[in-house]
Amino acid sequence: MTLEGKVALVTGASRGIGAAVARALDGHGAKLGLASRSGDDLGLDAAAQPCDVRELDQLESIVAATVERFGRLDILIVNAGVGAYGPFLDLSLEHLDEMIDVNLKGTLYAVRAALPHLVESGRADIVTIASEAGRRGLPYEATYCASKFGQVGFTRALDHELREHGVRCTNVCPGGVATDFALDQGRGRTPEALPGMMTADDVAEVVLFVLTRPRNHRILETAFRPVTEPSWG
Ligand code: NAP
């Protein structure tokens, strides 16, 4: 199934999973709006501009630019995210606020900005790139887990509200993916861990699967982990 004729907005599109998803959607014929603080267009024929997902007006602006350029909006990929880990009290207030503001409030803001156009589409998808950390509590990731559980809960609840309006809502919950993020502050991983992790393209394939399901059903949640990560028991 192709995504020809579809228009998608990807947040956090400049690197990592967001960039891989954007390239995969472009490769399957979708037109794109790309949101990130750097405003990178990835060299694609896309509407791209700097957008911090903590700022609702900046999200409204990239949504408007995408719709103005391509005439509609059918897909929202909520992907922008940050992480910092360690004992809860060791986490700086700055990192605590950033995770909640980017991962959780940024998700609510992105949906708020895009939803009128998605409802107008009538055959739309919201895909939230959450995490296994949105399904299970993980040690030294309490704040990150809080932000990701929040994303998962929000997206699950939206499904009730939006299904009858033709908007499908999906949580995509990967385990470790080899991106800049995986080596960020306090993660405790070294570059040697990267080959054992999944790739951003692995996640993009799952997103494509979700988006190309026939409209008679929807994928509510996907969870997948690298074989190097343990089972939950
Ligand atoms: P990444 O490589 O660090 O990329 C993060 C992206 O988010 C970048 O494009 C960055 O662009 C953007 N971003 C960060 N803060 C932003 C803000 N305030 N406003 C707009 N854009 C912002 O991370 P990733 O691994 O691809 O992670 C993407 C998503 O997947 C996150 O939600 C993360 O929680 C989730 N996830 C990651 C993993 C993993 O192991 N990597 C596993 C499960 C889930 P700019 O710097 O240009 O703004």
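View 1. At a relative accessibility of 11%, Asn 79 counts as buried (under 20% relative accessible area, with exposed meaning over 50% and partly exposed in between, for a 1.4 Å probe and protein chains only). Asn 79 lies in the loop between β4 and α3. Helices here are DSSP runs of H or I with at least four residues and strands are runs of E with at least two, numbered from the N terminus. Leaving aside residues up to four places away in sequence, Asn 79 touches Thr 11, Gly 12, Ile 17, Gly 18 and Ile 129, where contact means heavy atoms within 4.5 Å. The model is predicted: local features need pLDDT of at least 70, side-chain atom pairs count only at pLDDT 80 or more, and totals for chains, interfaces and linings use all residues. Residues are numbered from 1 along each chain as its sequence is written, and side-chain values use heavy atoms, with hydrogens and water left out.

**View 2. Helix α1 and what covers it.** Helix α1 (residues 16-27) has 12 residues and reaches 17 Å from its first C-alpha to its last, close to the expected 16 Å at 1.5 Å a residue. The expected span is 1.5 Å times one less than the number of residues. Ile 17, Gly 18, Ala 19, Ala 20, Val 21, Ala 22, Ala 24 and Leu 25 of α1 are buried. Their cover includes β1 (7-11), β2, β4 (75-78), β5 and α5 (200-211). Gly 29 follows α1 and has a positive phi, near 100 degrees.

**View 3. Packing of α1 on α5.** The two helices α1 and α5 pack at an angle of about 50 degrees, with their axes 8 Å apart. That angle makes α1 oblique to α5; under 35 degrees counts as roughly parallel, over 145 as roughly antiparallel, 65 to 115 as roughly perpendicular and the rest as oblique. Axes are lines fitted to C-alpha atoms, for helices over the stretch in contact, and angles run from 0 to 180 degrees between N-to-C directions. The crossing of α1 and α5 is right-handed, a term used if the near helix is turned clockwise from the far one by less than a right angle, with anticlockwise giving left-handed. On the α1 side the contact is made by Gly 16, Ile 17, Ala 20, Val 21, Ala 24 and Leu 25, and on the α5 side by Ala 200, Asp 201, Val 203, Ala 204, Val 207, Leu 208 and Leu 211. By class, this contact has 11 nonpolar, 1 polar and 1 charged residues. Ala, Val, Leu, Ile, Met, Phe, Trp, Tyr, Cys and Pro count as nonpolar, Asp, Glu, Lys and Arg as charged, and the others, Gly among them, as polar.

**View 4. Helix α4 alongside α3.** The axes of α3 (residues 93-121) and α4 (residues 142-162) come within 8 Å and cross at roughly 15 degrees. The helices α3 and α4 are therefore roughly parallel to each other, and their crossing is right-handed. Residues making the contact include Leu 96, Met 99 and Ile 100 of α3 and Phe 154, Leu 158 and Leu 162 of α4. By class, the contact of α3 with α4 has 11 nonpolar, 6 polar and 1 charged residues. Helix α4 has 21 residues and reaches 30 Å from first C-alpha to last, close to the 30 Å expected at 1.5 Å a residue. Among the buried residues of α4 are Cys 145, Lys 148, Val 152 and Asp 159. The cover over the buried residues of α4 includes α3, β5, β6 (167-174) and β7 (221-224).

View 5. The axes of α2 (residues 56-70) and α3 come within 9 Å and cross at roughly 35 degrees, in a right-handed crossing. The contact is made by Leu 56, Leu 59, Glu 60, Val 63 and Val 67 of α2 and Gly 106, Tyr 109, Ala 110, Arg 112, Ala 113, Ala 114 and His 117 of α3. Glu 55 is in the loop between β3 and α2 and, at 37% relative accessibility, counts as partly exposed. The C-alpha atoms of Glu 55 and Asp 101 are separated by 9.5 Å, with the residues 46 apart along the chain.

View 6. Most residues other than glycine have a negative phi. Leu 42, which is not a glycine, has a positive phi of about 60 degrees. Leu 42 is in the loop between β2 (31-36) and β3 (47-50) and is buried, with a relative accessible area of 13%. Tyr 140, also not a glycine, has a positive phi of about 65 degrees. Tyr 140 is in the loop between β5 (124-129) and α4 and counts as exposed at 56% relative accessibility.
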